[in-house]
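This note sets out a number of points for a colleague who has the coordinates open. Each point can be checked against the structure shown below.

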Amino acid sequence: MRKFLSILLGIILGSIAVFIVETIGHLIFPPPAGIDVTDPEQLKQVIEQLPIGALIFVLLAWAIGSFVGGYVTSKVAKTDSIRFSLITGGVLMAFGVINIVMIPHPTWFAIIGLSVYLPCAYYGGKLARF
């Protein structure tokens with residue numbers, strides 16, 4: 001039960017970390033006024049016009065969130081096995097896949113974005129052991 005709860009807590013706190021970093025990114029790179037975030041076509045147009053810095057902020061958010069999730073999972077699970085942190089990273093990566101499917105992103109962003117989750121969760125889990 002402890003291991004399951006560690007994964008759940010890692011997912012929750014990792015998601016909160018993603019939200020915080022993305023919110024900071026939105027303050028630095030605000031979306032256009034009057035955008036309807038429920039309209040996929042409008043979102044697609046906005047994504048196409050975003051400065052590279054805004055997309056890098058999202059990548060940073062995903063990396064930090066996965067690192068935090070992996071760290072928390074490993075700390076709470078109190079085990080030497082890194083697999084629980086990787087499970088947390090995998091679930092967060094599934095959220096990223098859903099995001100990329102729902103909101104079209106540039107191909108380079110999808111490739112890099114999805115490649116940060118597992119390594120960051122792994123290193124977060126490794127750091128938690130010390």
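Which residues does H105 touch, not counting residues up to four places away in sequence? The first point takes up this question, and the others follow in turn. The model is a predicted one.

1. H105 and its surroundings. H105 touches I47, N99 and I100 once residues up to four places away in sequence are set aside. Its place is in the loop between α4, residues 83-102, and α5, residues 107-115. With a relative accessible area of 18%, H105 falls under the 20% limit and is therefore buried. A polar atom of the H105 side chain lies 2.4 Å from the backbone oxygen of I103.

2. The largest pocket. This pocket holds about 490 Å³ of space. Its lining is made up of 18 residues, of which H26, L43, I47, L50 and I103 are the closest to its centre. Two or more lining residues are given by each of α1, α2 (40-49) and α3. The largest share of the lining, 4 residues, comes from α3.

3. The largest nonpolar core. In soluble globular proteins, nonpolar side chains tend to be buried together. In this model the largest nonpolar core has 19 residues, and A61, W62, F109, V116 and Y117 touch the most other members. The elements giving two or more residues to this core are α1, α3 (52-77), α4, α5 and α6 (117-128). The largest share of the core, 7 residues, comes from α3.

4. W62 as an entry to that core. Not counting residues up to four places away in sequence, W62 touches V18, E22, G96, N99, I100, F109, G113, V116 and Y117. Among these, F109, V116 and Y117 are also listed with W62 as touching the most other core members.

5. Helix α4. The buried residues of α4 are F84, S85, T88, G89, L92, G96 and I100. What covers these buried residues includes α1, α3, α5 and α6.

6. T88 is in helix α4 and has a relative accessible area of 0%, so it is buried. Leaving aside neighbours within four places in sequence, T88 is in contact with I7, G10, I11, G69, G70 and T73. A94 is also found in helix α4, but A94 is partly exposed, with a relative accessible area of 36%. The C-alpha atoms of A94 and I82, 12 residues apart along the chain, are separated by 19 Å.

7. K3 in α1. K3 is found in helix α1, residues 2-28, and counts as partly exposed at 37% relative accessibility. Apart from neighbours within four places in sequence, K3 is in contact with A77 and F84. F84 is one of the buried residues of α4. K3 and M102 are 99 residues apart along the chain, and their C-alpha atoms are separated by 31 Å.

8. The backbone at K78. Most residues other than glycine have a negative phi, and most peptide bonds are trans. K78 has a positive phi of about 50° although it is not a glycine. K78 lies in the loop between α3 and α4. Its relative accessible area is 64%, over the 50% limit, and K78 is therefore exposed.

9. A128 is found in helix α6 and is buried, with a relative accessible area of 6%. Leaving aside neighbours within four places in sequence, A128 is in contact with Y71, S74 and K75. A128 and G69 are 59 residues apart in sequence and 11 Å apart in space, C-alpha to C-alpha. Q49, in helix α2, is exposed, with a relative accessible area of 66%.

Terms used
Residues numbered from 1 in each chain as written. Predicted model: local features only at pLDDT ≥ 70, side-chain atom pairs only at ≥ 80, totals over all residues. Heavy atoms only, no water. Buried < 20%, exposed > 50% of the residue type's maximum accessible area, 1.4 Å probe, protein only. Polar contact = N/O pair within 3.5 Å; in protein donor to acceptor, adjacent residues only side chain to side chain. Contact = heavy atoms within 4.5 Å. Core = buried A, V, L, I, M, F, W, Y, C linked by side-chain atoms within 4.5 Å. 1 Å grid on protein atoms, 1.4 Å probe; cavity = no way out; pocket = protein on both sides within 12 Å on 5 of 7 lines; lining within 4 Å. Points joined across faces, edges and corners; volume = space filled by probe spheres on them.
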